[in-house]
Amino acid sequence: MIEWLLEPLQFAFMSRAMLVTLVAAITCAILSCWLVQIGWSLMGDAVSHAVLPGVAVSYILGWPFAIGAFIFGAGAVALIGGVRATTKIKADAAIGVVFTSLFALGLVIISKTPSQTDLGHILFGNVLGVSDSDILQVVVIGAIAVALLLFKRRDLTLYAFDRGHADAIGINTKWLSVLLLGLLALTVVVALQAVGIILVVAMLITPGATAYLLTKRFDRMLWLAVLITAAASIVGLYASYYFDASTGGCVVLAQGAAFVLAYLFGPRGGVVVNAVRARREVTA
Amino acid sequence: MTTGAARADFALSVRDLSVRYGPVHALADVDIELGVGRVTALIGMNGSGKSSLFNAIMGRVRPASGEIGVFGQSSLAARRAGLVAYLPQQESIDWDFPISVRQVVMTGRFGMLGPTRRPRAIDREAVVDALRRVGLADLEERQIGELSGGQRKRVFLARSIAQQARLLLLDEPFAGVDKASEASIIALLHELRDSGCGILISTHDLAGVPELADEVVLLRNRVLFHGPTAEALDPAMLTRVFGLEASA
Ligand SMILES: Nc1ncnc2c1ncn2[C@@H]1O[C@H](COP(=O)(O)OP(=O)(O)OP(=O)(O)O)[C@@H](O)[C@H]1O
Ligand SMILES: [Mg+2]
């Protein structure tokens with residue numbers, strides 16, 4: 001058993017993948033608690049797709065991937081905000097128009113550049129082949145994002161719960177929303193190294209949604225999201241090693257499985273628990 | 001005598017306020033002065049600009065013109081000093097949010113806390129006191145949605161008590177609250193008034209106003225009347241102003 005657990009980690013590529021996946025997953029999990037409570041899940045989807053042209057440009061120009069990705073992620077947020085402020089288009093439509101256009105721009109750029117850039121790796125992740133500079137970027141950016149989120153966690157929770165009160169006591173709520181969206185862009189940059197652009201959104205939604213099924217306190221939700229996502233990442237990585245399957249796919253699938261468990265057996269909304277409770281009440 | 005500066009002995013002084021949304025004039029030339037130790041009811045039909053007035057005070061809409069003073073300071077300075085409490089409309093709150101009654105009341109203290117809003121012992125005591133005053137001490141660990149309509153309102157009142165706010169703005173606080181809870185909320189509001197708060201309450205429930213308010217502002221995108229409750233609710237006045245009866 002021990003051997004079974006240790007074997008994959010003897011390979012440098014596996015322990016590096018473990019590091020990148022854990023950092024990315026934990027950063028995403030913390031952020032996801034606010035995203036699902038505010039109702040910004042779709043923003044996570046949008047920003048993650050919108051970074052594609054940024055990643056492509058970074059590869060072409062030989063920049064660190066994070067720079068291009070962040071520029072386009074933040075740019076997408078600004079564009080969506082701009083469209084909403086100046087037209088009466090509904091939020092989901094504004095988000096949809098902006099991110100699909102940027103994603104398409106990325107596809108065009110990649111199709112017109114000689115092929116050192118592997119589209120598959122960008123879309124679906126290539127965590128087994130991350131370079132040292134990728135790892136450095138992921139760890140530094142992840143640490144910054146987590147530190148800022150935790151530092152401002154009580155204000156962000158108030159913002160999510162009751163923005164009116166935050167305004168009433170003179171807290172700068174515009175700045176908080178900019179902070180949160182900026183951190184979303186940063187987090188996407190980190191996570192796409194682990195699971196690729198397509199699956200980033202899962203990392204940004206599932207942990208928060210799962211933790212929400214398990215508790216009625218936001219602070220506990222943060223802890224639970226981190227623990228669940230860490231466990232799912234490890235399970236997913238081992239599964240991908242032993243089944244020789246897509247790494248990003250296995251990690252996200254493990255998170256989905258955790259959600260299903262919480263859905264069925266969670267104390268708060270668990271359907272099985274509620275059914276048992278209802279039967280007990282009938283028989284009592 | 002008073003020039004441009006807002007007077008400090010008024011809880012709220014609104015001068016010449018206009019709020020526009022594109023071509024819509026939500027508020028035009030509104031002047032309102034609220035004394036301390038008074039409960040004022042803000043009455044107007046749908047679309048008369050009640051929420052716009054609150055939003056302007058809260059800095060959420062930028063007025064086309066006019067000045068808003070709170071205890072002689074700018075609205076922003078007063079809000080930063082924790083003088084303003086806003087009790088949201090029932091519908092604007094996510095009642096499934098994973099937060100406890102005690103944690104909601106604690107957000108009233110945030111303005112007094114450092115950048116991470118880490119509560120001190122004195123803040124915990126203030127929260128316990130506030131919950132005791134509104135009669136919710138036993139329910140402090142409940143999730144916010146696990147309360148009745150009247151209890152929910154009292155949580156937010158407890159928050160404004162913990163905040164030591166001196167201007168209370170309430171947008172339709174009695175919607176979905178039964179008579180018994182309404183009476184206990186009104187009693188609390190009167191206590192706060194008597195301790196020197198200025199209170200502005202928007203309401204549609206004309207029948208409840210005499211019990212609630214010392215004075216009334218009748219609003220229809222401008223101030224049509226501001227004076228004693230009895231005069232405002234005089235049927236002749238209401239018919240003249242709104243074309244409706246006070247028999248609601
Ligand atoms: N965001 C907005 N954009 C455009 N017009 C608006 C906006 N908000 C309010 N209005 C308009 O401004 C006017 C005043 O609206 P307001 O919400 O202040 O009224 P109210 O007195 O609060 O109404 P109610 O009793 O229905 O809550 C209305 O004509 C309304 O249609
Ligand atoms: Mg309104």
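Which strand and which helix of chain B each supply at least two residues of the shell around ligand 1? Strand S2 (24-35) and helix H1 (50-57) do. The tour starts there.

**Before you click.** This is a predicted model: local features need pLDDT of at least 70, side-chain atom pairs count only at pLDDT 80 or more, and totals for chains, interfaces and linings use all residues. Residues are numbered from 1 along each chain as its sequence is written, chains are lettered from A and ligands numbered from 1 in the order in which they are written, and side-chain values use heavy atoms, without hydrogens and water. Helices (H or I, at least four residues) and strands (E, at least two) are DSSP runs, numbered from the N terminus.

**Stop 1: ligand 1.** Select ligand 1 and its surroundings (residues with a heavy atom within 4 Å). Among the residues around it are B:Tyr21, B:Val24, B:Ala26, B:Lys50 and B:His204. H1(B) gives the most to this shell, with three residues.

Now look for polar contacts, meaning pairs of N or O atoms within 3.5 Å; within protein, one must be able to donate a hydrogen and the other to accept it, and residues adjacent in sequence count only if both atoms are side-chain atoms.

- B:Asn46 places a polar side-chain atom 2.9 Å from an oxygen atom of ligand 1.
- B:Gly47 has a polar backbone atom 2.8 Å from an oxygen atom of the ligand.
- For B:Ser48, a polar backbone atom is 3.2 Å from an oxygen atom of ligand 1.

Taken alone, ligand 1 exposes 630 Å², and the protein buries 60% of that. These areas come from the Shrake-Rupley method with a 1.4 Å probe; for residues, only the protein chains shown count as cover.

**Stop 2: strands of chain B.** Strands pair if DSSP finds at least two bridges between them. Select S1 (residues 10-21): eight bridges join this strand to S2(B), and the two run antiparallel. Find B:Leu17 opposite B:Val30. In their hairpin, two residues lie between the strands, and B:Gly22 takes a positive phi near 55°. S1(B) also has five bridges to S4 (residues 65-70), again antiparallel. There, B:Ser13 stands opposite B:Gly69.

**Stop 3: a helix of chain A.** Select H5 (residues 65-86). This helix has 22 residues and reaches 32 Å from first C-alpha to last, close to the 32 Å expected at 1.5 Å a residue; the expected span is 1.5 Å times one less than the number of residues. Its buried residues include A:Phe65, A:Gly73 and A:Ile80. Buried means under 20% relative accessible area (1.4 Å probe, protein chains only). Among the elements covering them are helices H3 (41-50) and H11 (173-195) of chain A.

Methods. Buried < 20%, exposed > 50% of the residue type's maximum accessible area, 1.4 Å probe, protein only. Contact = heavy atoms within 4.5 Å.
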